[in-house]
Structures are given as C-alpha cells and as structure tokens.
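Here is a two-chain model to look over.

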Amino acid sequence: MTSLAKTPPRADRELLRAVADGDRRALEELYLGYHRRLARFLSRFSPRYELIEEVINDTFLVVWQSADRFRDASQVSTWIMGIAYRTALKSLRRQKHHQSATSLEAASEQSCEPAVEAETRDWLQQGFKVLSEEQRLTLELAYGLGYSLEEIAAVTESPVGTVKARMFHAREKLRQCLPRLAGTVEERAADSSWAGVP
Amino acid sequence: MDSASEHAEINELLSWYVNGTLESRDRERLERHLAACALCREDLAFERTLAAGLANAPAVEYMPAPSLRRLHERLDALAADSATGPAMPQAEPQAPMATDVGRGQTAPARVPHARFASRGLLAASLAGVALALTYWVVAHLEGAASPGADYRTVTMNAPRAPRTVIRAVFAPNLSVGELQRMLDDAGLRIVAGPTEAGVYSLAATSSRPVSESLAMLRQHEAVRFAESTEPLATPGAEASAGSPPPD
C-alpha cells in the first residue's frame with residue numbers, strides 16, 4: 001500500500017527546486033519516481049497506455065511550468081498528485097463528453113451487473129460506470145494508492161466532508177449496482193468476524 | 001452525540017479503516033461502534049470487498065523511457081517556441097484522451113495559407129519558418145534552447161557510440177562482475193557510458209538478434225530499462241521498450 005508519507009519529502013523538494021531552476025535532469029528523476037504510481041492510478045480509467053501517458057506527460061508539463069509556484073507548506077507528492085488528479089478529471093470529463101448521446105443512453109439502460117462468474121475486479125470495473133469521475137478517482141486514491149482521508153482532501157483540494165461523502169455515495173451506488181456482490185458480502189459478513197486490523 | 005450521529009460519522013470512516021490509514025483514536029472509536037452495529041459491519045464487509053477488488057490495478061505495461069522522451073520533445077518545442085515565436089514543429093499529435101493542459105504553449109500556431117496576401121509575404125514568412133526551424137534544430141542538438149543547457153535526455157539527442165544497438169540503465173548496486181556476465185550472456189559489450197543519467201551504450205558481440213539480447217537484458221532485475229537504438233523488426237517491439245523503474 002502506497003502512502004504519501006513514504007516518499008522522502010526532502011529529496012522530492014530538492015528535485016522540485018532544481019526543476020524550478022530549469023534542471024531537466026531533476027524533472028527526469030521526479031518523472032521516473034512518480035511514473036509507476038501515476039500509471040497505476042490512471043490504469044483503471046483507460047487500458048490504453050498512450051492515453052495514460054498523455055495524462056502523465058500533461059501532469060509533468062504543468063510541474064515543469066509551475067515548479068516555482070510550489071509552496072513549501074504542502075508535500076511535493078500531494079502537489080504532484082493534485083495536478084494529476086485535476087488533469088485526469090479533465091480528461092475523463094472530455095472522454096465522457098465525446099461519447100455520443102446514443103451510447104450514453106445505452107450505457108445507462110444496460111444492467112451493470114455482470115456475469116456471475118466474473119471476478120470481483122471485473123464487477124467493479126462495470127460498477128465504476130455508474131460513478132461520477134470524482135467518486136471513481138476518490139475510490140482509486142483510497143484503495144488503489146492507499147491514501148488517507150486527509151491526503152485525499154489535500155490532493156483533490158476538497159473539504160474532508162466532501163471526500164467522505166464521495167466515498168459514502170460511491171459505496172451506496174456500487175451496492176445498488178452490484179446486488180449479487182453485496183449479497184455475497186452480506187452472507188459472508190453474517191458468518192465472519194469483523195474484528196482486527198484489516 | 002446521539003447514536004444516529006455517531007453511526008453516520010463512523011460509517012463515513014469505514015473506507016480509511018479498511019485501507020489502514022485511520023488515526024488510532026478514530027480506529028478505536030470505530031471498533032467500539034462496530035461491536036454494537038450490525039449495519040456498519042455489513043458496510044465494512046462490502047468496503048473490504050471493494051478494497052480487494054481495487055487493490056490490484058489492471059495490467060498495464062509501463063514504458064517510462066519512451067514516455068519521458070516524448071515529454072522532452074514537448075518541452076523542447078515549448079522552449080523553442082518561446083525562443084523563436086510560434087512557427088515551430090508540432091510536438092506531438094493530439095491523442096483522443098489528451099488534456100489541454102499546457103497545449104496553449106506547446107501547440108504551435110498553424111498559420112493558414114489564406115492569411116498570406118501576397119507571394120512575397122509568403123516567401124518571407126517561409127524564410128522565417130526555415131530560420132526558426134534551423135534555430136530549433138541547432139538549439140535542440142546543442143541543448144542550448146532548454147533552461148538546463150547541459151541537459152541531455154536519456155533516450156535521445158545523446159551522441160551515439162559506433163555500433164550501439166542497445167542503451168540501458170543498470171541498478172547502481174550491480175557489481176562489475178555481474179554486469180559483465182549479464183552482457184556476455186546477452187552477446188553485448190559496453191561501447192560508451194555511463195552518461196550523467198547513467199545510460200550505457202551497448203554493442204553486439206555476436207550475430208544474435210538485437211531483440212533477443214534486449215529480451216535477455218530485461219529478464220534481469222538489475223536492468224532499470226533497456227531499449228533498442230533502432231526500430232526492431234518484431235511488431236510491437238516498441239510497446240515493450242521500457243522496464244518499469246523501481247518505486
């Protein structure tokens with residue numbers, strides 16, 4: 001599980017200062033340090049690497065252009081992930097906008113409950129279609145990257161209450177969308193203990 | 001706090017209980033509540049299923065090196081653009097999922113021919129474009145156009161050593177002996193490097209196909225990335241040009 005706190009802040013901070021001075025080698029180091037994390041973060045939203053790369057490179061273009069405006073009060077990783085979040089959000093909205101009205105209607109009418117034999121992640125991939133872009137990204141930040149509530153609030157520049165609400169509503173939507181999965185869970189929950197650190 | 005408020009507040013924290021980032025005080029409070037709340041236990045079980053489903057990202061082939069090269073190309077275009085005006089080469093095609101971040105600066109202004117009122121003006125403008133292109137190429141090669149004048153990308157612009165077929169970066173803790181064995185096995189030898197970015201230029205010592213040597217290199221954990229200097233014959237070879245860098 002990745003956490004923002006695990007990134008050495010000093011190293012990133014020094015690199016970002018160098019980037020602000022126009023040092024492209026420092027930008028390369030930052031890029032390689034974040035590439036995998038960002039690719040993973042974005043991979044659920046598009047299986048095509050070139051599209052993932054587009055968002056990553058747009059993110060680092062902003063990092064290059066805005067490094068001198070970074071404020072020491074925040075973590076470099078939070079700042080970079082925040083840029084990536086907004087870039088991805090914009091991209092997802094554009095993708096959605098480009099879909100034809102027909103396909104959108106068809107998508108909203110089709111059942112989001114996949115075949116029984118599908119694995120959980122495939123179910124979730126289907127369920128993701130009913131969530132808003134913000135809900136999807138928040139879920140991915142929490143469970144894909146393991147970020148805390150406060151970290152997600154910082155990355156998304158949203159109040160903590162908003163982040164909580166996004167997660168809550170995402171869960172409720174997915175539960176309605178995936179009754180078979182929820183049923184399985186409920187059956188399991190009746191039999192199993194909840195206690196202990198997950 | 002009444003029990004309904006307590007339930008609502010606790011319920012909204014379940015996701016971070018599951019991902020293990022909840023503060024200890026909240027965690028203890030949540031666990032006390034769970035002991036008495038069947039609804040929250042159900043929600044917790046569902047959250048855990050969501051977490052398990054999202055824990056593994058879809059399989060994506062990571063290609064940081066070519067991606068980084070393309071970023072540098074955009075930055076080069078950006079630097080050249082600011083140095084010479086808008087008539088610069090297009091950095092890259094617009095991808096379907098492309099965002100418009102920074103596009104205003106990177107995408108050159110495309111001047112429609114209809115704008116030119118006379119042939120003389122067109123010729124003068126073309127001469128300007130040619131000058132700008134010349135400046136861009138020179139600046140690109142010398143690294144003078146970028147803010148970091150001594151900067152050199154990992155994947156392009158580096159003077160290529162003779163007969164170089166592969167460029168690679170190795171883990172810094174790799175011993176000389178291990179490196180030598182790896183290269184011998186793959187039919188390669190070092191002809192240049194490492195550069196400041198740690199890049200080695202490798203030449204073939206046998207008739208083994210480059211794609212095969214490349215595949216052998218990439219099997220080693222100590223190889224941070226390896227790529228052919230020339231397009232490989234195998235279709236889709238570029239798609240696997242980079243190994244993921246360590247986190």
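Angles under 35 degrees count as roughly parallel, over 145 as roughly antiparallel, 65 to 115 as roughly perpendicular and the rest as oblique. The axes behind those angles are lines fitted to C-alpha atoms, for helices over the stretch in contact, and the angles run from 0 to 180 degrees between N-to-C directions. Helices (H or I, at least four residues) and strands (E, at least two) are DSSP runs, numbered from the N terminus.

A bit of housekeeping: this is a predicted model, where local features need pLDDT of at least 70, side-chain atom pairs count only at pLDDT 80 or more, and totals for chains, interfaces and linings use all residues. Residues are numbered from 1 along each chain as its sequence is written, while chains are lettered from A and ligands numbered from 1 in the order in which they are written.

**The two chains**

Chain A has ten helices and zero strands. Chain B brings nine helices and four strands, in the order α-α-α-α-α-α-α-β-α-β-β-α-β from the N terminus. Call a residue buried if 20 or more other C-beta atoms lie within 10 Å of its own, exposed if 12 or fewer, and partly exposed in between, with C-beta atoms placed from the backbone. By that count, 43% of the 198 residues in chain A are buried, and for chain B the figure is 34% of 247 residues.

| Helix pair | Angle | Axis distance |
|---|---|---|
| Helix 7 of chain A, helix 9 of chain A (residues 160-177) | about 100 degrees | 9 Å apart |
| Helix 9 of chain A, helix 4 of chain B | roughly 85 degrees | within 11 Å |

Helix 9 of chain A and helix 4 of chain B are therefore roughly perpendicular. Two residues are in contact if their C-beta atoms, placed from the backbone, lie within 7 Å. Here A:R171, A:L174 and A:R175 meet B:D43, B:F46, B:E47 and B:L50.

A:L139, A:E140, A:Y143 and A:G144 meet B:L50, B:A51, B:L54 and B:A55, a set with six nonpolar, one polar and one charged residue.

Within chain A, A:E134, A:Q135, A:T138, A:L139 and A:A142 of helix 7 meet A:V163, A:R166, A:M167, A:H169 and A:A170 of helix 9. That contact has five nonpolar, three polar and two charged residues.

**A buried side in chain B**

Which residues of helix 9 (residues 210-219) of chain B are buried? They are B:V210, B:S213, B:L214 and B:L217. They cover an arc of only 100 degrees around the axis, so they sit on the same side of helix 9 of chain B (the arc is that of the directions from the helix axis to the C-beta atoms). Their cover includes helix 8 (176-186) and strand 1 (164-170) of chain B.

**Where to be careful**

pLDDT is the predictor's confidence in each residue, from 0 to 100. Chain A has a mean of 78, but its helix 5 (residues 101-109) has the lowest mean among the chain's elements, 40. pLDDT also stays under 50 over residues 113-117 of chain A. Where pLDDT is low, the predicted coordinates should not be read in detail.

Definitions and conventions:
Ala, Val, Leu, Ile, Met, Phe, Trp, Tyr, Cys and Pro count as nonpolar, Asp, Glu, Lys and Arg as charged, and the others, Gly among them, as polar.
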